[in-house]
Amino acid sequence: MSSAPENNGRRRFLTLATAVVGGVGTVGVAVPFIKSWNPSEKAKAAGAPVEYDVSKMAPGQLVRVQWRGKPVYVVRRTKEVLAELENGHNDQLKDPTSTEPQQPEFAANPHRSLKPEYLVALGVCTHLGCAPTYRANDFNEIVEGVANGFYCPCHGSKFDMAGRVFQNVPAPTNLVIPPYMFTASGSLLIGVDKGDA
Ligand code: FES
């Protein structure tokens with residue numbers, strides 16, 4: 001796959017994005033920054049929550065939001081993706097039932113999320129920290145029979161659309177799910193555990 005240069009570009013993009021709360025992009029397409037609730041730099045450094053309105057996300061879209069200096073991948077999962085998670089490839093995964101402490105309690109479920117429709121996960125490979133590439137509809141070039149997932153170009157780790165790591169790759173664990181909740185208006189608030197609300 002030839003995604004390494006693209007990935008380097010994305011990392012540079014993310015570095016530049018540290019001055020704002022949120023960055024947004026879809027696969028292979030540069031998209032302008034989003035407007036988002038923007039706490040002070042000091043508050044952000046201390047880990048202030050970051051809000052993002054998911055209501056305008058298209059099915060299948062991935063958005064990158066900066067939180068505590070790290071990229072958080074937010075994906076609006078399609079019905080096809082949800083069916084793919086339900087119909088299962090659990091026998092190919094290292095930790096299909098999320099036994100490792102890689103997520104808040106509320107996300108220890110098959111979707112690893114609060115709402116099945118939205119994946120919210122750190123876009124940081126659990127091997128050595130590269131940014132996995134979102135492969136929408138062509139992941140089966142990498143894992144036969146699974147159409148959507150994430151591929152880490154650094155050393156070949158693979159994750160499904162719940163951020164669960166496949167077997168026989170260097171990444172030891174599933175992608176980390178950060179604490180988050182949805183506000184009364186439906187916005188995503190990253191950095192606040194649902195249990196704290
Ligand atoms: S950093 Fe992702 S596979 Fe090594």
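A search of the whole structure finds one disulfide, where a disulfide is a pair of cysteine sulfur atoms within 2.5 Å. This is a predicted model, in which local features need pLDDT of at least 70 and side-chain atom pairs count only at pLDDT 80 or more, while totals for chains, interfaces and linings use all residues. Residues are numbered from 1 along each chain as its sequence is written, and side-chain values use heavy atoms, with hydrogens and water left out.

**Cysteines**

- The disulfide joins C130 and C154, with 1.9 Å between their sulfur atoms.
- The link of C130 and C154 is left-handed, at -95° about the S-S bond.
- The pair links distant parts of the chain, 24 residues apart: C130 is in the loop between β6 and β7 (133-135), and C154 is in the loop between β8 (149-151) and β9 (158-159).
- Helices (H or I, at least four residues) and strands (E, at least two) are DSSP runs, numbered from the N terminus.
- C130 is buried at 12% relative accessible area, whereas C154 is partly exposed at 30%.
- Buried means under 20% relative accessible area, exposed over 50%, and partly exposed in between (1.4 Å probe, protein chains only).
- C125 is buried, with 4% relative accessibility, and C152 is buried too, with 2%.

**Nonpolar cores**

- A nonpolar core is a set of buried Ala, Val, Leu, Ile, Met, Phe, Trp, Tyr and Cys residues joined through side-chain atoms within 4.5 Å.
- The largest such core has 39 residues, and those with the most contacts inside it are V54, V74, F150, Y180, L188 and I190.
- Two or more residues of this core come from each of β3 (50-52), β4 (62-67), β5 (70-76), α3 (79-87), β6 (118-122), β10 (180-182) and β11 (188-190).
- β6 gives the most to this core, five residues.
- Leaving aside neighbours within four places in sequence, I190 is in contact (heavy atoms within 4.5 Å) with P49, V50, V65, W67, V72, V120, P178, P179 and Y180.
- A second, separate core has six residues, including L93, F139, Y151 and F166.

**Sheet**

- Three strands form an open antiparallel sheet in the order β3-β11-β10.
- Its edge strands, β3 and β10, each pair on one side only.
- Two strands pair if DSSP finds at least two bridges between them; β3 and β11 have three, in the antiparallel sense.
- E51 stands opposite L189 in β11.
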